[in-house]
Amino acid sequence: MGWDPTLWALAGWLLLALLIMSLIGEFLQYSLPVGRGNKLFANINDRIKAWWVIAILLIGALALGKGGVLALFILVSFAALREFLSLTNTRLSDSWALAAAFFFVLPVQYLAVAMDWYGIMTMFIPVYAFLFMPILSALRGEPHSFLIRVAETQWSLMVSVFCVSHVPALMMLEIPMFEGRAALLILFFVTVVQASDSIQYIWGSRFGKRQIAPLLSPSKTVQGFVAGVIGSMIIGALLFWITPFTWWQAAVLAAIIFVMGFLGALVMAAIKRDRGIREWGPLMNAQGGVTDRLDTAIFSAPVFYHLVRYFWGA
Amino acid sequence: MKAMFAEIVSIALQLLIRALTAVRGIWIDVSPEDKPRIYYANHTSNGDFVLIWTSLPTDIRKKTRPVAAADYWFKSKTRRFAAESVFKAVLIDRNPETRKPEEEPVAMMTAALEQGQSLIIFPEGKRNQTEEKLLEFKTGLYHFLHNNPEVEAIPTWIENLNRVLPKGTLLPIPLICTVTFGPPVTLKKRESKKRFLRRAHAELMKLADMQDKGRV
């Protein structure tokens with residue numbers, strides 16, 4: 001990507017927006033009395049702090065080019081896989097399979113992304129990891145909760161490696177009239193994911209009435225969902241100038257990203273509830289682990305990738 | 001020169017442990033304090049020392065030494081270097097017949113304590129490779145506190161490391177680990193050995209149960 005002027009213009013706007021949000025957020029948190037509103041702003045401020053980290057890492061990686069973006073997402077996948085597998089029932093007899101997940105499957109998937117081997121990228125984990133990982137576990141001969149163990153390992157790979165790798169894969173897309181600039185799609189995607197999720201959360205906690213799945217995630221409401229759809233369309237349309245889309249196409253794609261992310265986060269919340277944890281891991285302090293910040297991107301990344309590839313790809 | 005090399009090895013080990021486990025220390029009803037204490041922990045893997053170490057704040061870590069068996073750590077040159085220079089372990093001769101009076105475990109541990117250092121011990125006495133969560137404690141912890149009744153013993157629960165370094169596999173598997181420190185246990189006046197050890201064991205099990213229920 002390097003020194004594309006659009007990237008720098010966008011980076012400037014994003015950082016400026018973050019700075020303004022940080023100042024307002026901190027001011028409001030400390031001027032409001034302790035209570036419900038204050039708690040909401042404490043959460044928003046933690047989100048904003050996590051955004052600073054995400055924004056700086058992402059913009060830095062984009063400035064370094066393809067290698068930088070790949071390195072960043074390899075680390076993200078690694079951290080997410082580590083978090084996910086920590087919660088599973090895997091045991092000693094799965095150690096070959098687990099070592100393979102970290103030291104073979106993950107590198108191969110990212111190699112396929114880097115080399116733009118579309119077939120391998122879309123097939124390797126869903127088909128070949130699916131076949132060979134349980135073989136590795138079975139060779140060790142431990143039947144106890146076998147199906148649970150292999151299913152958990154496969155899920156961990158699908159979520160943390162397969163789905164996540166579709167974000168950097170965006171920059172490999174070949175789009176006519178948009179040559180060499182596909183990495184901007186990553187910035188579009190991440191901005192839409194993060195902003196629309198926050199609109200959904202803030203609107204839902206202020207005006208939310210009907211909870212969608214109170215047992216899974218009490219903060220997800222119908223009102224928040226509607227606000228998220230509208231908000232994501234506005235953000236998508238506002239960002240159309242960095243994409244190969246027209247303004248209304250950008251709005252529709254942003255809405256799809258939001259809806260998939262919203263539903264994906266619900267799935268991830270169900271897993272967290274089942275395991276009795278509030279957050280995935282320790283990496284980002286109050287905002288939980290890497291997976292907590294990713295949960296909305298995980299389900300939307302493959303869908304967004306395929307839509308763009310199918311309708312805009314060369 | 002040797003000290004510098006030991007320092008580099010120590011930093012490298014801690015970085016490796018962080019990369020593999022993203023370990024964090026969780027302090028429940030106790031706060032990290034820079035004073036001589038004894039941390040007693042469950043023992044499932046050879047990496048246990050380093051993990052507890054890594055999860056302690058730097059100023060405390062520098063003054064905290066593990067207590068370990070001399071026969072195991074004197075077996076090879078590398079091990080000896082690791083124990084003596086990197087971990088600065090208090091090395092105990094486990095055979096009462098060959099050791100001199102000044103090498104009595106309690107005496108050696110007390111000496112370290114008097115220099116302002118904290119200790120890490122594994123009261124189960126060996127690595128736990130059973131399905132049992134926590135084996136019965138050996139009596140060392142009691143004898144030490146009997147000699148030093150003012151010292152706080154901090155229950156320390158290590159979660160998951162036995163899955164990171166499973167015995168008999170070459171590659172470590174990256175998984176999140178936590179080290180949970182619980183409220184201090186001190187020896188009460190006239191408390192019997194059996195009663196104290198049972199209480200200390202129960203305090204550590206409490207932390208393990210909290211982990212299981214996801215309340216940490």
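The model is predicted, with local features needing pLDDT of at least 70 and side-chain atom pairs counting only at pLDDT 80 or more, while totals for chains, interfaces and linings use all residues. Residues are numbered from 1 along each chain as its sequence is written, and chains are lettered from A in the order in which they are written.

**Helix pair in chain A**
- The axes (lines fitted to C-alpha atoms over the stretch in contact, with angles from 0 to 180 degrees between N-to-C directions) of helix 3 (residues 66-86) of chain A and helix 10 (residues 290-312) of chain A come within 9 Å and cross at roughly 105 degrees.
- Helices here are DSSP runs (H or I, at least four residues), numbered from the N terminus.
- Helix 3 and helix 10 of chain A are therefore roughly perpendicular to each other, a term used for angles of 65 to 115 degrees.
- On helix 3 of chain A, A:Val76, A:Ala79, A:Ala80, A:Glu83 and A:Phe84 meet A:Val290, A:Thr291 and A:Leu294 of helix 10 of chain A, where contact requires C-beta atoms, placed from the backbone, within 7 Å.

**Nonpolar core**
- The largest nonpolar core has 142 residues, of which A:Val164, A:Leu185, A:Ile186, A:Phe189, A:Ala254, B:Leu51 and B:Ile52 touch the most other members.
- Such a core joins buried Ala, Val, Leu, Ile, Met, Phe, Trp, Tyr and Cys residues through C-beta atoms within 7 Å, buried meaning 20 or more other C-beta atoms within 10 Å.

**B:Pro105**
- B:Pro105 is found in helix 6 (residues 105-114) of chain B.
- Leaving aside neighbours within four places in sequence, B:Pro105 is in contact with B:Ile92 and B:Gly140.

Terms used. Helix = DSSP H or I, 4+ residues; strand = E, 2+ residues; numbered from the N terminus. Parallel < 35°, antiparallel > 145°, perpendicular 65-115°, else oblique. Contact = placed C-beta atoms within 7 Å. Buried ≥ 20, exposed ≤ 12 C-beta atoms within 10 Å, placed from the backbone.
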